[in-house]
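Thanks for coming, everyone. Please take a look at the model on the screen, and then I'll walk you through it.

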Amino acid sequence: MTAAADPASDPSLEGASGTGTPAAPPPSRGLGRNSIVMAAGTAASRLGGLVRNMMLVAAIGSVGSVAIAFDVANKLPNVLFAILAGGMLNAVLVPQIVKAFRAHNSQERIDKLLTVSTIGILAITAILTGASAWVVMLYTDGWTAEQLALGTIFAYWCIPQLFFYGLYTLLGQVLNAREQFGPFMWAPVANNVVSVIGFGIFLLVFGTAPERGINDLSEWDTPRTILLAATATLGIVAQALVLLVPLLRSGFRWRFRLGLRGIGLRSAGSVAMWTFAAVVLEQAGILYLTRVASEAGAMGAASTPPVAVAGNGSYTQALLIYLLPHSLVTVSIATALFTGISKAAQDGDTDRVRDDLSLGLRTIGVFTVFATAALTVLAAPATAFIVPTAGEEGTALIAPVLVALSFGLVPLGAMALMKWVYYAYEDGRSVFWITVPSTSMLVIGLIAARIWLPIDTWVIAAGGAYALSNWITVLLRTRGLRTKLSGRLDGGRVLLLHAKALLAAVLSGLAGWGVYQLVGGFDALSFGSGWVLTMVSGLWVSALCGLVMLLVYVVLLRLLRVKELDRLLSPVLSRLKR
């Protein structure tokens, strides 16, 4: 969507100069159109992200000491943002921005919200960057002094991403509140462009990593560190700053204004506190998972000779593929619904909230049930296509982790939408107490794996424990929302849809598995012939088997009269007709 296409983006409207009242958010354009705009942006950014990731794996590998150190350091700003800012911003900022656009002093409230949030995130970033050595030690276990030193240097370069992640979220939420959903989803393309250029230079100058990664840290020097880590951080900088363009073009102006009075944070204080506690607890579980995975990878790298064992790098690659369907479809649908749900909750329109939640759960379910079957059957060829530079050994390590994670895809989509309903009602307390048993189950699963399972299965077990914790979360959130929404949740229709989709997905999965075995299974993937042929073989095997699965799934849903399929496909089909 261009700026001129939206009435609220017309610079001639009141508020374009940055004074008075900013243009109000435009009327909703509907779930289908909003979600397809966001899905298109997400698809473009994810496609670039796959190229970026492929080049990164080519540069440092998916296993080995350097890959493990960089993976932890580059993951830290994401984890820290989730702990210190992400949860509170999503829980507090969106409802307050929606309220601010309706207030008589909307410009002042928006300015103060953005200013206070930006200053807070900047201060937190500075403190954590200075404490990089302690943060790295907290998230690792079993590392040598050389690995810790390299991880700390990487962290000094990567943790400043935290500020720009925060700025990206702040500006994106303003755009979402104005129902300009596209830019927020398209902005990561800028990150990918910067990263592809930087990693490309790295490959031209320093070449590719060996298949088992880089374990001799004496060969790793400062220029490699700076080029690799600075590229990752500059990409996030570009991702954040590019959002200023659509905001300025729409006539929105942000003035630096200090002050807490009159911006609604007092009423949101309880939500922020409970949300902060829930995110800290959730990330404590992820911290322990990271330590277990890093220990497994480090023990494999330290053995004589080094043995390839799934560690942080393998888990990260599996998680990247696992999150693709979630980010492409689920997040787009949930984001398109959230602003409407937030407004309905503020207006006391329980029926509208219930209807939108049911619509989202059923529409998302049609997709996530099939995606689970597809990732389970096609884990190896999908990995070969998406991460061809991982090689045969890397693919064999990543694929089982992806299968374990995939069983948590259905609840992941549902729990994300449900969480936003809690936030629409400014209920952070329930979110926290539901997080307690789900995080406990994740940690218990990881402890059990360390005690009773061989080390080469620890990360696979981590994926399974993560999936199980998702199911516990969605069941508990369902129970809580039933009470919150006057005892009714439209559960009958939601369960019936998922039952029909599950039947169709199982049969389509069996068909896809049969075709996969007919073409040769894992042996059909062209490992040892270069990453280009590996990617091509992964593509044609995934496409052939996936197409068979999709056709069987769609036909069965038609026979079962699943109307939600039409709602999911209608935006795509209408554009194809045009």
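Start with the chain as a whole. It has 578 residues, and 56% of them count as buried. Buried means under 20% relative accessible area, exposed means over 50%, and partly exposed is in between, with a 1.4 Å probe and protein chains only. A word on the source: this is a predicted model, where local features need pLDDT of at least 70, side-chain atom pairs count only at pLDDT 80 or more, and totals for chains, interfaces and linings use all residues. Residues are numbered from 1 along each chain as its sequence is written, and side-chain values use heavy atoms, with hydrogens and water left out.

How many helices and strands are there? The protein chain has 21 helices and 0 strands. These are DSSP runs, numbered from the N terminus: helices are H or I with at least four residues, strands are E with at least two.

Now contacts, meaning heavy atoms within 4.5 Å. Take contacts between residues at least 6 apart in sequence: 85% of them join residues at least 24 apart.

On to the aromatic rings. A pair of rings is described by the distance of the centres and the angle of the planes. Rings of Phe, Tyr and Trp (its six-membered ring) pair if their centres lie within 6.5 Å; planes under 30 degrees apart are stacked, over 60 edge-to-face, and the rest tilted. The whole structure has 12 such pairs. One of them is Phe70 with Phe154, edge-to-face, at 5.2 Å between centres and 80 degrees between planes. Phe70 sits in helix 2 (residues 65–102) and Phe154 in helix 5 (residues 145–158), so this pair ties together parts 84 residues apart in sequence. Buried or exposed? Both Phe70 and Phe154 are buried.

Next, Trp274 and Trp433. Their ring centres are 6.2 Å apart and their planes are at 50 degrees, so this pair is tilted. It links distant parts of the chain: Trp274 is in helix 11 (residues 265–302), Trp433 is in helix 17 (residues 428–452), and 159 residues separate them. Trp274 counts as buried because its relative accessibility is 18%. Trp433 has 49%, so it is partly exposed.

Back to Phe70 for a moment. Phe70, Phe154, Phe202, Phe206 and Trp220 make up one aromatic cluster.

What about disulfides? The search of the whole structure finds 0. The cut-off is a pair of cysteine sulfur atoms within 2.5 Å.

Now helix 14 (residues 379–386). Of its 8 residues, 7 are buried, so the helix is mostly covered. Among the buried ones are Ala380, Thr383 and Ala384. Keep those three in mind. Thr395, in helix 15 (residues 391–406), has a relative accessible area of 0%, so it is buried. Leaving out residues up to four places away in sequence, Thr395 touches Ala380, Thr383, Ala384, Ala390, Pro400, Phe522 and Phe527.

Leu204 is in helix 8 (residues 188–206). With 77% relative accessibility, Leu204 counts as exposed.

That's my tour. Over to you.
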